[in-house]
Amino acid sequence: MITKLLVANRGEIAARVMRTAHDLGIATVAVYSDPDAGAPFTRLADEAVRLPGSAPGETYLRGDLVIAAARATGADAIHPGYGFLSENAGFARDCAAAGLTFVGPSPEAIASMGSKIEAKALMDAAGVPVLPGATVTDETDLAAAAASIGFPVLVKAAFGGGGRGMRVVHDEAELADAVAGARREAASAFGDGTVFLERFVVDPRHVEVQILGDAHGEVVHLFERECSIQRRYQKIVEECPSPAVDDALRAELGAAAVAAGKALGYTGAGTVEFVLDAAGRFYFLEVNTRLQVEHPVTELVTGLDLVELQLRVAEGEPLPPEVAGARITGHAIEVRLYAEDVPAGFLPATGTMHRFRVPPSRGVRVDSGVVDGSVVGPHYDPMLAKVIAHGRTRREAARTLARALRHAELHGVTTNRDLLVGILGEAEFLAGRTDTGYLTRHDPVALGASEGGGARQAAAAALARQARHRRDARVVPEMPSGWRNVGGVPQRVDYRHGGEILEVAYSVRRSGLLLTVNGTPLGGSVRLVSAAPDLVELEIDGVHRAYRVHPRAGTSYVDGPDGSAALAEVPRFPDPDAATAAGSLLAAMPGAVVRVLVAAGESVVAGQALVVLEAMKMEHTVTAPIDGSVAELRVRQGDQVDSGQVLAVVE
């Protein structure tokens, strides 16, 4: 029996595991890094132990510190969640040596799947279809290996996942740089830079099968999940069941997944991942020997709690009858809500989450790692939460999920919410025609474009701002908001919305409200129903809409039925000293400088790489915009930089 469980993870998965453990009467222990001190998951745990430091390598990846925390608190089991130590066979062995129950498969099963190279060989021997590939060593003839596989090829990290350490290569000229970049990224993310080449199936579907095994030799599958919509090889939309899988194909996929599990002697929860081509042929990708991020969609269609089953299997129980007898009921869709700037190329975003609220709704589940006031830093994965909806049909689940996201209040950190809403309402998605090329065919920026470009939200922000000024006024506070004794001159305020400026001009007259954004009226007729500091109601061309306004630190966060916007007020008299010098290259994201590739005074050409930043396990290369010379170089390798900080000046 497990009496006290240490969760060796952070964020939403740590909280999710703890909730089930508490339901089973099991006490919990959290471990946390310095940036996570006071995070929601630490407060949910019964006890918490600090891991000094910030970087994963000195905190959550330190198995010795995690085991020491378990001993210090009297925990008798460790749940690794996903990522970090979850697929580390050495850590699983160390847990056993310390007398701790590792909630997961055996160290041998993890080790056999920890290397994707060895995993492919094992699956091939078990009769599971695999793609041709080749391991990369220092002696490998890259050109010959790629030619034998056939272009395009995928350079792939042998250890880890999440799309890190992956590059698609279309010709020999790109190969050496792609391998070098993938090795660096893999070494940074997983501590091992081994990579291999594999045939790249163009725009396949990504379909995976959930398996469960117990210590008594039973292995079953719990159907498939579709995870094809991805950016940078990381999933952002997942669903169960797959719209492309019928009963016959489901049986084939399930049989292959069970064969894989039995070949491993698998215990606990795991996932067998496949690519599915246009002809319906599937090929093995990997086995994730842990709980998946997207496990909630399986839980919602089967009614099973996968974490509970993990814990019961770890206690030695056989799989209960309801697992073998599970059926698919309805449809579930999950989206990953990331702190990232989609128009900027999915760059990670940081900041303080001033408000995080997803309205409660039937069939909607929110697994969140943040609350109001949470700080999102550059050290870890940028996922804020998973929002999942269950419905009778796929379209019903998509509609329910889109509404929940559209009405969520997400203030303080840039997110991918608008993109997710756009996907859920897009015709090809609703028809089930999704594959890994979806976001190549569909421009993410266009998918996430707000209705009206934020003009109505900017108008609401301006009117709420005026209401706040009148509320706080010390002189004639009874004067109506927006009243001026010079009726011909409107009041003006400018907001920065994304990459554009929205100029709002308005005046309140006896005849009604005169309101324009960038010189264009909002409609043929506009009536101000009411304006309060936090709520503005407008009637535009006979349509009444209410906008919730949340001002914070110079930015107004506006949520309405036609979309949300973060509107930064532009100072009327900007500080001239704040302007950057011509030719300044700015950090597009906060992070660490991992490489400086030039020196001050060096001549450069347009497109040449100058500085490489890393944040949230992602590399971003800063290049020269023009031919010239490096007049100033303001950073060194190892420096931490903020978004917008000047890195170099090119003349």
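Contact here means heavy atoms within 4.5 Å. The model is a predicted one.

1. Core. The largest nonpolar core has 97 residues, and Leu5, Leu6, Ile78 and Ile423 touch the most other members. Leaving aside residues up to four places away in sequence, Ile423 touches Ile229, Ile236, Val237, Phe429, Tyr438, Leu439 and Leu447. Another core, of 26 residues, lies apart from it and includes Tyr495, Val504, Tyr506 and Tyr547.

2. Strand 11. Strand 11 pairs in the antiparallel sense with strand 10 (residues 205-213) over 6 bridges; Gly213 has Val219 in strand 11 as its bridge partner. Strand 11 is also joined by 4 bridges to strand 12 (residues 234-240), again running antiparallel, and Glu226 stands opposite Glu239 in strand 12.

3. Hairpins at strand 11. The hairpin of strand 10 and strand 11 has 5 residues between the strands, and Gly217 in it takes a positive phi near 90 degrees. The hairpin of strand 11 and strand 12 has 2 residues between the strands; there Arg232 has a positive phi near 50 degrees. Tyr233, in the loop between strand 11 and strand 12, has a positive phi of about 65 degrees although it is not a glycine. With a relative accessible area of 30%, Tyr233 is partly exposed.

4. A further positive phi. Asn518 has a phi near 55 degrees, a positive value in a residue other than glycine. Asn518 is placed in the loop between strand 26 (512-517) and strand 27 (520-521). Its relative accessibility is 39%, and Asn518 counts as partly exposed.

5. Cis peptide bonds. The bond from Phe151 to Pro152 is cis, with omega near -5 degrees; Pro152 is in the loop between helix 7 (142-149) and strand 7 (153-157). Cys240 and Pro241 are also joined by a cis peptide bond, with omega about 0 degrees. Pro241 is found in the loop between strand 12 and helix 9 (247-264).

6. Helix pair. Helix 5 (residues 107-114) packs with helix 6 (residues 116-125) at an angle of about 100 degrees, their axes 5 Å apart. The two helices are therefore roughly perpendicular to each other. Ala111, Ser112, Met113 and Gly114 of helix 5 meet Lys116, Glu118, Ala119, Leu122 and Met123 of helix 6. By class, this contact has 5 nonpolar, 2 polar and 2 charged residues.

7. Sheet with order 33-40-38-35. This is an open sheet of 4 strands with antiparallel pairing. Strand 33 (584-586) and strand 35 (603-604) are the edge strands, each pairing on one side only. Strand 35 pairs with strand 38 (residues 628-633) over 2 bridges, in the antiparallel sense. Ser603 has Ser629 in strand 38 as its bridge partner.

8. Sheet with order 37-36-34-39. These 4 strands form an open sheet, and the pairing is antiparallel. Its edge strands are strand 37 (618-623) and strand 39 (640-641), each pairing on one side only. Strand 36 (residues 609-615) and strand 37 run antiparallel and are joined by 6 bridges. The bridge partner of Val611 in strand 37 is Val622.

Terms used: Residues are numbered from 1 along each chain as its sequence is written. This is a predicted model: local features need pLDDT of at least 70, side-chain atom pairs count only at pLDDT 80 or more; totals for chains, interfaces and linings use all residues. Side-chain values use heavy atoms; hydrogens and water are left out. Axes are lines fitted to C-alpha atoms, for helices over the stretch in contact, and angles run from 0 to 180 degrees between N-to-C directions. Angles under 35 degrees count as roughly parallel, over 145 as roughly antiparallel, 65 to 115 as roughly perpendicular and the rest as oblique. Ala, Val, Leu, Ile, Met, Phe, Trp, Tyr, Cys and Pro count as nonpolar, Asp, Glu, Lys and Arg as charged, and the others, Gly among them, as polar. Two strands pair if DSSP finds at least two bridges between them. A nonpolar core is a set of buried Ala, Val, Leu, Ile, Met, Phe, Trp, Tyr and Cys residues joined through side-chain atoms within 4.5 Å. Buried means under 20% relative accessible area, exposed over 50%, partly exposed in between (1.4 Å probe, protein chains only).
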